[in-house]
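Trainee: Could you go through the charged pairs and the helices with me? I'd like the cut-offs as we go.

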Protein chains: 4
Amino acid sequence: MDARTLKMQDCIDDCLRCYATCFGMAMTHCLEAGGEHVAAPHFRIMIACAEICRTAAHFMLMRSAHAGHVCRECAEICEQCAADCEKLGDMDDCVAQCLRCARSCRAMADQPSA
Amino acid sequence: MDARTLKMQDCIDDCLRCYATCFGMAMTHCLEAGGEHVAAPHFRIMIACAEICRTAAHFMLMRSAHAGHVCRECAEICEQCAADCEKLGDMDDCVAQCLRCARSCRAMADQPSA
Amino acid sequence: MDARTLKMQDCIDDCLRCYATCFGMAMTHCLEAGGEHVAAPHFRIMIACAEICRTAAHFMLMRSAHAGHVCRECAEICEQCAADCEKLGDMDDCVAQCLRCARSCRAMADQPSA
Amino acid sequence: MDARTLKMQDCIDDCLRCYATCFGMAMTHCLEAGGEHVAAPHFRIMIACAEICRTAAHFMLMRSAHAGHVCRECAEICEQCAADCEKLGDMDDCVAQCLRCARSCRAMADQPSA
């Protein structure tokens, strides 16, 4: 495997992990905590983040020429989700996965496609 | 198109409509209403229903031999979602779509595959 | 419902119909026809188009502030899919749905968000 | 974390890995190899397997009471995908991930839900 393929493999893993963390925490931790954790803006950004991560992984797995664009949007949503979770507190795992995925997706988006 | 194909086409439409109604209402009406509408059991069955409807449509669209099994599971989840929404109240559109989709998926599941 | 909500409802319908047409035709018509219909670039754009349409609908259904960006990407992929299907031939239904969805998504993307 | 939660976490990982392998190989290896690799029955079981794995992970992540049923269906489709890939040859990675995921999902399905 060449450097680009390895980097993409890591980015796919980061996206799937971020999807699992955001969606899993929203549907367990947030729903069970209630209050601010189920306020519409917070809950929506969690679900949006999970979905775009799932989609970004899908596009990279199929080696789509559009993967870069989807990764760029994914990075933006991850960053916003990280900021929102940081502000809310008690969401450390989500913040960490979102920031890691954002970095990884931004690097992917900035690469010239093959 | 033969009768089976037409019936499947209708079932796909019912699944996609039920997905859109359940997911859309969960993420707007329920999140905005709060209270019982974001109680974990209710919210989870809404999201589970949306997801299995999306998956059932996907299996029928690809003419998978496993579509019948997925439709059977979809019917069960739709019926449970309809009952939960009925009990909660103020969810008439969701109840109607879930019942319609359940009937359609059960008929699909009971058909011998081609 | 106000004008923007009605327009969004139509766009969701266009996205779900385009998803169903692209994914359904790829997994039946294209796989059964073989030859150029399963050439990697054609098959990939069909599956990419189906996926981004599904995602765009998801973002609009949850009234995400990021729906506009996803719709813009969706419009681009739909246009490329329509052009590829037009060139290949025997894909009229797919061409029509992709062009319709592209128009609808571009209008959505150009609207200021609420 | 208790034993059941740990086991579910492993099963989610197995499902996401199997999804990535099946979908990724279908859209790269199979499309590029052509011939028997894009025969409709083989390609369809690959895509069906990817989709049910993605759905099973989703149901476990939200701790749905229906996760067991979806895992049972997932195990069946994974086993059929493994057998089909084994017969075709040159699909070792896919065979391995499908068998691992099938075992994991069957164990999950056989557990009494909490």
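Trainee: How many salt bridges does the structure hold over all chains?

Mentor: This is a predicted model, so local features need pLDDT of at least 70 and side-chain atom pairs count only at pLDDT 80 or more, while totals for chains, interfaces and linings use all residues. Side-chain values use heavy atoms, with hydrogens and water left out, residues are numbered from 1 along each chain as its sequence is written, and chains are lettered from A and ligands numbered from 1 in the order in which they are written. A salt bridge here is a side-chain nitrogen of Lys or Arg within 4 Å of a carboxyl oxygen of Asp or Glu. Over all chains, the count of salt bridges is 28.

Trainee: Okay, take R72(A) and D110(A): how many residues apart in sequence are the parts that this pair ties together?

Mentor: The closest N and O atoms of R72(A) and D110(A) are 3.3 Å apart, and the two form a salt bridge. R72(A) sits in helix α3 (residues 67–88) of chain A and D110(A) in helix α4 (residues 92–110) of chain A, so the parts tied together are separated in sequence by 38 residues. (Helices are DSSP runs of H or I, at least four residues, numbered from the N terminus.)

Trainee: And is D14(B) buried or exposed?

Mentor: D14(B) forms a salt bridge with R100(B), with the closest N and O atoms 2.9 Å apart. D14(B) belongs to helix α1 (residues 3–33) of chain B and R100(B) to helix α4 (residues 92–110) of chain B, so the pair ties together parts 86 residues apart in sequence. The labels go by relative accessible area: buried is under 20%, exposed over 50%, partly exposed in between (1.4 Å probe, protein chains only). R100(B) has 43% and is partly exposed, whereas D14(B), at 7%, is buried.

Trainee: What relative accessible area does E51(A) have?

Mentor: E51(A) is in helix α2 (residues 40–61) of chain A, and a network of salt bridges links E51(A), R54(A), E51(B) and R54(B). Leaving aside neighbours within four places in sequence, E51(A) is in contact (heavy atoms within 4.5 Å) with R54(B), T55(C), H58(C) and F59(C). E51(A) is buried, with a relative accessible area of 6%.

Trainee: Now the helix α1(C): on which residue is the kink centred?

Mentor: The bend at a residue is the angle between axes fitted to the seven residues ending there and the seven starting there. In α1(C), the kink is about 40 degrees, and the helix is followed by G34(C), whose phi is positive, near 65 degrees.

Trainee: Last one: how far apart in space are E36(D) and H69(D), C-alpha to C-alpha?

Mentor: E36(D) is in the loop between α1 (3–33) and α2 of chain D, and counts as exposed at 56% relative accessibility. Beyond its neighbours within four places in sequence, E36(D) is in contact with H42(D) and L88(D). E36(D) and H69(D) are 33 residues apart in sequence, and their C-alpha to C-alpha distance is 32 Å.

Technical notes. Helices (H or I, at least four residues) and strands (E, at least two) are DSSP runs, numbered from the N terminus.
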